[in-house]
Each structure stands twice: as C-alpha cells, then as structure tokens.
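Here is a short report on one protein model. Keep the sequence and the 3D view side by side as you read.

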Amino acid sequence: MSKITTIIDIGSNSMRMVVLEKSSRFAFSLINETKSKVKISEGCYENGGNLQELPMQRAYEALKSFLNISNALKSRKILCVATSALRDAPNSKVFLNRVKKNLGLNIKVIEGEKEAYFGGVATSNLLHDDNFVTVDIGGGSTEFCFVKDGKITKSISLDIGTVRLKELYFNKDNLDGAKNYILENLKKVFNLGVEIPSKVVGIGGSIRFLSKLIMQKNLYPLDAIHGFTYSVKDEQNLFLDILNTRTVEDLEVLGVKKDRFDTIKEGTFIFKTILDELKIKTVVTSGVGVREGVYLTDLLRTQNHKFPANFNVSVRSLLDRFQICPKQSAYLGKNAREIFEKLKPLHNLDDKFATLLVVASKLHSIGTTLNFYKLNDNAFEFILNGLNYDFLHSSRVVVAHILKLSKKSLPKEKDLEEYKELLPNLETMQWLAFMQALNLAINIDFSCPKVEYFLDKNILQLNLPNKSFLVKSYIEKLELPQKLFIEIL
C-alpha cells in the first residue's frame, strides 16, 4: 500500500476526503481532512432519483479541488467511493463518465451493505468498544453494522436519509408519513435475527453535530468528538427541543450553526426514532466512518480487516513519527509494569491502570521531541489530542495527566480540577504519577538498568546495579504516597 493514500467519499449531502500517511506496517496518521457540502442528491428524490445538473457540477468542481490537495500532498494512491445518491440515480453514469474522462478519476459506486461494512471496519478497529451497532445517517440512506466481540456479524442499508426525508416528507409537513416510513424500513433490521445491543456507535454529520451540542451544553472538558459517550435518557430533552423548533432563530438559540440548518431536524428525527425503536441506552460518537473503513480494508487485507492483537495504532503512530528511541521506550514500558505489579499490594489499582501507565511511559519522551523545556506540559497537551484512536476519553486523559504530573512532588486536587469528570480519584492519580516519576528517576542516565524490586510490608527495596549519585539523588527527592517508604540496597 502506498505511503500516502487519499480516500474520497461522495455522499448524498457531503463529499469528504481524508489523506492518510503510513509510518510503519499498520500504523498511520491523518495529514488532511476536507469536506464540501455539495448536496449532489439535491432535487433528485423529487425527480425520479435522477441527479440534477447544478448539484453534479458542484460535486465535479469540488472533486477537482480535492485532487489538487491530494497531488500537493504527494499522494500516490486515490480510492474514491460513492454511496446512496449515485447508486440510486438512473443517470449516475453521466457524472461518473464526466469525472473519469476529464479528471482521470475512477469512482467506485458501493452497495449499501458494503457501505455499512466499511463503517463497521472503521469503528471496530478505531474505537475502544467490542459490542455495538453502528448507525450511519447520510443524506440518502442509513447504514447499520452489528459488531459482537469485536467481529462484524451483519450489515444492512436502509433508504432512510436526511435529504430523502426532507424532500419526500418534511418539505410537505408530513411528519407522520416520515415516522411511518422509518418504522416500516426498520422492520428489515429486526428481521435480520441478530441480538440488538444497547449501545449505538453513531456515524455521520448529523449524529456528530448532536454530540457537539451535548458536549457544549454539559461543559464537557475534553474537546474531542471521537469516542464521546452519552446516555440517551439524559439527552432526550435536547432532541425534543430541536424537533420542536419552528425557525432558524430557534435553532440558533440551541447552538445549531448555519451549515446545519437544512438537515439537522431531519437527522435528529431519524436518529431519535432509531434509538427509541431499538431501545438504545448509550451512544458512542465516532469520528471515523466509510473513508477510514475503505482505507483499513485495504491496509488490513491480509489480517481479516482487523489489527493484530494488542496493537494500538495511535501509540504506534506516535512512536514512529516522533522517532522515539525503541530501546528506551521499551525499557520504560517494561519497568513501569514491574513497578506497578510490585506495589500492587499497596495501591490496589485495577489492571487497566497498568496498561495506561505503560503507554504513558513509552510516550514520555514525546515531550522532549516537541521541546525540551516544559516537556511534561508539552506531552500533556499533545497526548490529549494525539491518542485519538482506540482510547476511551477517560483513558486518554489519564495518560496525559500521568505524563504531566510525573514530577518530584505528588499531584494535588487543584491539578485534577479541569478534567475531574474524566479522572479517577486523587489517591489513584498520586500513585500513577509517583510510579512514573520513579520509573524515570531509575533511568535518568538512560542506562536501562536491570533493577530488582522487593516489597517488605510497606518498604519498596531497590537493588540498583548502578548506584550513581545522580540516580540516588533523584529517587531520594521523590515525594512518596502515604504508607510507602523506599530503601536503596
């Protein structure tokens, strides 16, 4: 697979592009993301599904701009897919042939089930969940992909979309007709014979925007849409408030932006109906979808479209891109786990924190790579955004705080205040910060010493092969959690 790859997704409402760069066999990072609301399906559902000339021209011009960006970024591979609008349109070949002839771009029109599958591939690899159903609301259709124990079991596409319902029902003020249309289509989901989970992973612009409104309303501390989770029960009133609006001024009061005026009510109506009928309790917001699914299906074609076990693309990508010394990173990760396990009788922390401590240890020197001075703060700010794939928001925030607070003194309540909602209690963070600080102190001279650890009641004994003044002085300056003492043998 090419080092730099462009994926273009032509949807009924929006055209989106991502440019992704490989850094090692399975690791990659996003280097460009562009969206254009070309509304290629505008007017088609009122005209027998036929694409109209003006929307086709908008899409054509947007594609030219997308290709300019792709070429400037030296992308060597372009994968372009089209979904509901083009697969439904009797005259889609008019657009497809024009693009191929004038722009040299082959557009692959994918079936609805395949579109749903791509969403499942993206979310099952790039979100920290194993049991869910994806719901991808587009302009012309809505896709469902069922994932159980991390594996895709069923995929289906229904002709429910924001633009479709707007033209067929909402513009005619026929909400009852819209509701009945959705419910009739949803029977196909129930007829699949699969167990419907209580968790939805939401894909698509309408669902993401609803999540942004919820984050703003609740003053959510982390500015990251991918992985944001909320309870359906807790947010029902916002859905109803949007549906009850009568003017754009009403929408503005709720925080809806101008570019969402045209389809937010339709998107909310569709999503709420699906959540109610499927009896969904929790929504996880996905920042990835068809585009990333197309990419991963190509990248992981020899792996059954799944990353290898215990592989995290965000961690691997950061290690690759910031050229963090593999020897030092591996040592700090291994040493962190040894310290965690030896002190477990005292801290009694869940094993999930061992994993997060190891991740923080491996990525420690990323702060130095950015800038040596204030390296802990540099790492903190970067990690809050850098660990975007396959991490819970709470996990990402914990890793960032371990990096920031691994100093000689233990963290205080005020150090956790801004992200308190996503952090464990102070005692837990003090133990994690201390273990990271001890880990770094032991390897302050980068010698990767083979240390032996012994726990005698509440005394951690260290048998250091190199009892240098530098190492001993750093360890002696560490503030210790309550009940712990350190003895250097």
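## The model and its confidence

This is a predicted model: local features need pLDDT of at least 70, side-chain atom pairs count only at pLDDT 80 or more, and totals for chains, interfaces and linings use all residues. Residues are numbered from 1 along each chain as its sequence is written, and side-chain values use heavy atoms, with hydrogens and water left out.

The chain has an average pLDDT (the predictor's confidence in each residue, from 0 to 100) of 93. A score of at least 70 is reached by 99% of the residues. Confidence is highest in strand β11 (residues 282-285), with a mean of 98. It is lowest in helix α16 (residues 366-370), with a mean of 75. Where pLDDT is low, the predicted coordinates should not be read in detail.

## An enclosed helix

Start with helix α11, residues 290-299. How many of its ten residues are buried? Ten of the ten are, so α11 is largely enclosed by the rest of the structure. Buried means under 20% relative accessible area, exposed means over 50%, and partly exposed lies in between (1.4 Å probe, protein chains only). Among the buried residues of α11 are R291, E292 and D298. V290, V294 and L296 are also on the list.

## Helix α15 and its neighbours

Helix α15 spans residues 351-362, twelve in number. From first C-alpha to last, α15 reaches 17 Å. That is close to the expected 16 Å, where the expected span is 1.5 Å times one less than the number of residues. The buried residues of α15 are F353, A354, L356, L357, V358, V359, A360 and S361. They pack against α12 (313-321), α13 (326-342), α18 (393-405) and α20 (426-442).

Now move to V397, in helix α18. V397 has 0% relative accessibility, so it counts as buried. Its C-alpha is 10.0 Å from that of L356, although V397 and L356 are 41 residues apart along the chain. Which residues does V397 touch, leaving out those up to four places away in sequence? They are L222, L384, Y419, L422 and L423, where contact means heavy atoms within 4.5 Å.

## Two loop residues with positive phi

N304 sits in the loop between α11 and α12. Its phi is positive, about 55 degrees, although N304 is not a glycine. N304 counts as exposed because its relative accessibility is 71%.

K457 lies in the loop between β12 (452-456) and β13 (459-463). K457 is a residue other than glycine, and its phi is positive, near 60 degrees. At 74% relative accessibility, K457 counts as exposed.

## The closed space

Rolling a probe the size of a water molecule over the atoms shows where empty space is left. The search uses a 1 Å grid over the protein atoms alone: a cavity is a set of points where a 1.4 Å probe fits but cannot get out, a pocket is an open set with protein on both sides within 12 Å along at least five of seven lines, and lining residues have an atom within 4 Å of a point. Grid points are joined across faces, edges and corners, and a volume is the space filled by probe spheres set on the points.

One cavity of 30 Å³ or more turns up in the whole structure. Of its 27 lining residues, R16, D136, I137, G138 and G204 lie nearest the centre. Helix α7 (205-217) gives the most, three residues. The lining has three nonpolar, 16 polar and eight charged residues. Here Ala, Val, Leu, Ile, Met, Phe, Trp, Tyr, Cys and Pro count as nonpolar, Asp, Glu, Lys and Arg as charged, and the others, Gly among them, as polar.

## The open pockets

The largest pocket holds about 1,100 Å³ of space. It has 37 lining residues, with N310, F311, N312, T355 and D390 nearest its centre. Helix α15 supplies the largest share, seven residues. The lining divides into 19 nonpolar, nine polar and nine charged residues.

The second largest pocket holds about 940 Å³. L30, E33, I225, H226 and G287 lie nearest its centre, out of 39 lining residues. Helix α11 is one of the elements that supply at least two residues to this lining.

Notes:
Helix = DSSP H or I, 4+ residues; strand = E, 2+ residues; numbered from the N terminus.
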